[in-house]
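Here is a short report on a two-chain model.

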Number of protein chains: 2
Amino acid sequence: MPRPKQEEDLRLLTKVSKLYYEENLTQDEIMERLQLSRSKVSRLLQRARERGIVKITVVSPPGLFPDLEAELENRYHLSEAIVVEARDPQSQSLLSRELGIAAANYLLRTLQDNDVIGISWGTTLSYMVAALQPRPTPGAHVVQIIGGLGPPESEVHATDLCRRLAQLLQCRLTLLPAPGIVDHVEVKEAILSDSHVRHAFNLFSQINVAYVGIGAPTPDSVIMRDGSILSWDMLDDLLKKGAVGDIALRFFDAWGQAIISEVDQRVIGITLEQLRQIKRVVGVAGGPQKIDVIRGALRGRLINVLITDHITASQLVR
Amino acid sequence: MPRPKQEEDLRLLTKVSKLYYEENLTQDEIMERLQLSRSKVSRLLQRARERGIVKITVVSPPGLFPDLEAELENRYHLSEAIVVEARDPQSQSLLSRELGIAAANYLLRTLQDNDVIGISWGTTLSYMVAALQPRPTPGAHVVQIIGGLGPPESEVHATDLCRRLAQLLQCRLTLLPAPGIVDHVEVKEAILSDSHVRHAFNLFSQINVAYVGIGAPTPDSVIMRDGSILSWDMLDDLLKKGAVGDIALRFFDAWGQAIISEVDQRVIGITLEQLRQIKRVVGVAGGPQKIDVIRGALRGRLINVLITDHITASQLVR
DNA sequence: TTTATTATTGAAAAATTTTTCATTTATGGT
DNA sequence: ACCATAAATGAAAAATTTTTCAATAATAAA
């Protein structure tokens with residue numbers, strides 16, 4: 001009963017495709033030349049693409065990994081993945097530097113004049129700021145989202161990161177004048193009553209882009225290095241509860257779910273829930289130790305943009 | 001003094017290209033995902049095509065010659081060239097049949113309901129009509145543009161061609177009831193006074209598409225076959241004046257310029273000048289003897305559409 | 001033959017893409 | 001430091017392309 005599909009006119013498909021894609025005629029010009037209707041030309045081109053008469057390929061320049069990026073983006077619903085070449089897979093510090101450069105480029109590319117930029121802490125982010133070209137952006141606003149880490153005398157690091165960034169952007173800066181983690185909940189309560197701290201906290205909801213490192217709880221990681229940020233007992237406890245790592249000292253499991261623990265009560269900084277409210281969270285991390293924690297962050301949709309290396313990336317898409 | 005061109009961001013070019021051509025996002029979606037402006041996405045895609053990051057190829061199915069067609073179209077300003085495979089280059093009659101089929105397909109593809117179709121005469125056109133599927137087109141109108149050729153008893157051929165075509169299209173028909181060539185100018189004058197003849201002549205300016213054969217003045221051509229259409233003396237005279245062949249008995253030289261001769265005065269049919277006024281003139285011809293005359297017709301822009309075989313075509317683009 | 005069903009069609013509407021235009025930006029020379 | 005210049009930019013306008021819609025057309029079954 002139905003009208004059977006008309007056999008394809010290969011000659012016409014080919015001719016239209018050539019005129020459109022090789023001679024760069026508009027579909028209107030083609031319609032006139034070949035006596036067809038507007039819509040028919042459009043539909044012929046569609047079919048020519050479907051039938052493989054027209055082949056469109058994107059060649060990847062060497063050192064780029066667009067397929068890995070696409071795979072990450074699709075699998076983990078990222079708005080963007082940036083995969084850089086790990087030139088020396090052994091060296092974590094070299095890798096951090098490369099990731100920092102990539103993150104700096106990304107920041108400059110996406111920077112808007114009215115951005116409210118949240119910044120956590122970490123080696124890689126530190127390299128990011130180091131690699132950043134100055135770019136005056138008076139309307140921007142840098143906000144520290146986690147208190148200073150480590151012993152008081154090194155607290156400058158966290159603060160300094162933000163300060164340098166705001167300096168490079170010539171923009172407003174809001175620091176979080178507090179330690180990242182305190183010994184007792186009571187101390188935290190006291191600190192939270194400080195008006196400067198409260199001011200920073202109140203800004204969290206206005207952040208529209210955050211740059212965060214992703215930490216793996218290995219013995220040589222920064223947070224464990226001198227035992228002063230987190231004790232071994234606490235780390236053990238977190239690991240027992242399934243922690244695979246942290247973002248801004250908020251530990252989570254392989255599915256990106258926050259770990260409920262006493263540690264969490266003592267951290268002064270943004271929560272994972274608040275982080276998830278931010279439109280764009282850029283995670284910068286790579287290296288063999290970080291695979292599990294990055295995967296957790298991805299699965300829990302804690303980040304929307306991932307900047308990593310090609311070896312880590314290929315593990316993540318397995 | 002000038003601002004130097006910014007080095008291309010290969011990563012971005014590649015990424016945008018992939019998203020657009022492989023993931024089929026719209027430029028709007030890309031702009032949102034990568035935080036770019038509408039125009040920038042468009043411009044990046046342009047550059048990616050220019051730089052060869054995006055490669056678009058049209059593959060030719062076997063038996064088609066889109067490159068030859070494009071070359072003919074461009075070199076001779078044709079609106080369309082159709083090149084068919086000459087399966088047996090030796091046989092002129094087989095070739096005519098194939099060209100006829102192609103011409104019939106072309107006619108059906110381009111037929112509009114209000115077409116006024118001029119038809120000349122020739123073996124190939126005869127095959128075209130023979131190959132034509134019926135297609136009722138009540139608004140169309142077939143017009144004979146050259147008188148009947150050959151001895152009176154074979155005059156039916158020319159007329160019959162038109163009649164059969166009009167029959168297949170179920171459309172109006174205007175015949176040119178006269179011989180294609182007469183012995184004396186005086187006779188022509190007399191015939192032109194006939195109202196039916198005048199009616200046909202008056203329609204020439206309304207023709208919007210004409211199908212014509214292209215004749216080569218070789219001893220075995222149809223017009224010479226029995227000496228009754230044209231005498232040997234006259235052919236000699238035409239050749240001396242540079243004639244390479246004819247369309248509808250109007251002889252022209254290698255540049256498509258009409259040959260002024262006594263013969264011309266005695267032909268009853270459309271002139272080359274009138275032919276050139278027609279929006280679309282479809283020439284159907286192929287074979288080794290016809291190369292020079294086809295080239296003349298092309299150079300003189302006597303036709304806008306050429307239907308030929310791949311061997312002839314490749315000679316023509318040399 | 002009629003009928004039911006679905007492909008195909010072209011015009012118009014909607015969506016998308018490209019270009020234009022005015023402005024901003026980055027740089028080398030003064 | 002300050003021009004002068006050409007590149008780069010984004011918003012809006014213009015151009016182009018795709019989709020929708022209602023109508024037509026083509027077939028096989030009844």
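Helix α6 (residues 123–131) of chain A lies across β3 (116–119), β6 (209–213) and β9 of chain A. The helix runs at about 125° to β6(A). Helices (H or I, at least four residues) and strands (E, at least two) are DSSP runs, numbered from the N terminus. Axes are lines fitted to C-alpha atoms, for helices over the stretch in contact, and angles run from 0 to 180 degrees between N-to-C directions.

This is a predicted model, in which local features need pLDDT of at least 70, side-chain atom pairs count only at pLDDT 80 or more, and totals for chains, interfaces and linings use all residues. Residues are numbered from 1 along each chain as its sequence is written, while chains are lettered from A and ligands numbered from 1 in the order in which they are written.

**The sheet of chain A**

Seven strands of chain A form an open sheet in the order β2-β10-β9-β6-β3-β4-β5, with parallel pairing. Two strands pair if DSSP finds at least two bridges between them. β2 (80–84) and β5 (172–174) of chain A stand at the edges; each has a single partner strand, so one side of each lacks a neighbour in the sheet. From one strand to the next, the twist averages 15°. Strand β9 (residues 280–284) and strand β10 (residues 305–309) of chain A run parallel and are joined by three bridges. There, Val282(A) has Val305(A) in β10(A) as its bridge partner. Helix α4 (residues 66–76) of chain A lies across β2 and β10 of chain A, at about 145° to β2(A).

**Domains**

Chain A splits into domain 1 (5–50) and domain 2 (66–316). The bounds come from an automatic or database domain assignment. Between the C-alpha centres of these two domains of chain A lie 51 Å.

What describes two packed helices? The angle between their axes and the distance between the axes.

| Helix pair | Axis distance | Angle |
|---|---|---|
| α1 (residues 10–22) and α2 (residues 27–34) of chain B | within 10 Å | roughly 140° |
| α2(B) and α3 (residues 38–50) of chain B | 9 Å | about 110° |

The angle of the α1(B) and α2(B) pair makes α1(B) oblique to α2(B). α2(B) and α3(B) are therefore roughly perpendicular. Angles under 35 degrees count as roughly parallel, over 145 as roughly antiparallel, 65 to 115 as roughly perpendicular and the rest as oblique.

In the α1(B) and α2(B) pair, Val16(B), Leu19(B) and Tyr20(B) of α1(B) meet Gln27(B), Ile30(B) and Leu34(B) of α2(B). Five residues of this contact are nonpolar, one is polar and none is charged. Ala, Val, Leu, Ile, Met, Phe, Trp, Tyr, Cys and Pro count as nonpolar, Asp, Glu, Lys and Arg as charged, and the others, Gly among them, as polar.

**Where the chains meet**

How many residues of chain B are in contact with chain A? The count is 28 residues of chain B against 28 residues of chain A. Contact means that C-beta atoms, placed from the backbone, lie within 7 Å. On the chain B side, α1, α2, β1 (54–58) and α4 (66–76) each supply at least two residues. α1(B) gives the most, with eight residues. By class, this side of chain B has twelve nonpolar, seven polar and nine charged residues.

The chains also pair strands. Strand β1 (residues 54–58) of chain A and β1(B) run antiparallel, joined by five bridges. Ile56(A) stands opposite Ile56(B) in β1(B).

Key:
Contact = placed C-beta atoms within 7 Å.
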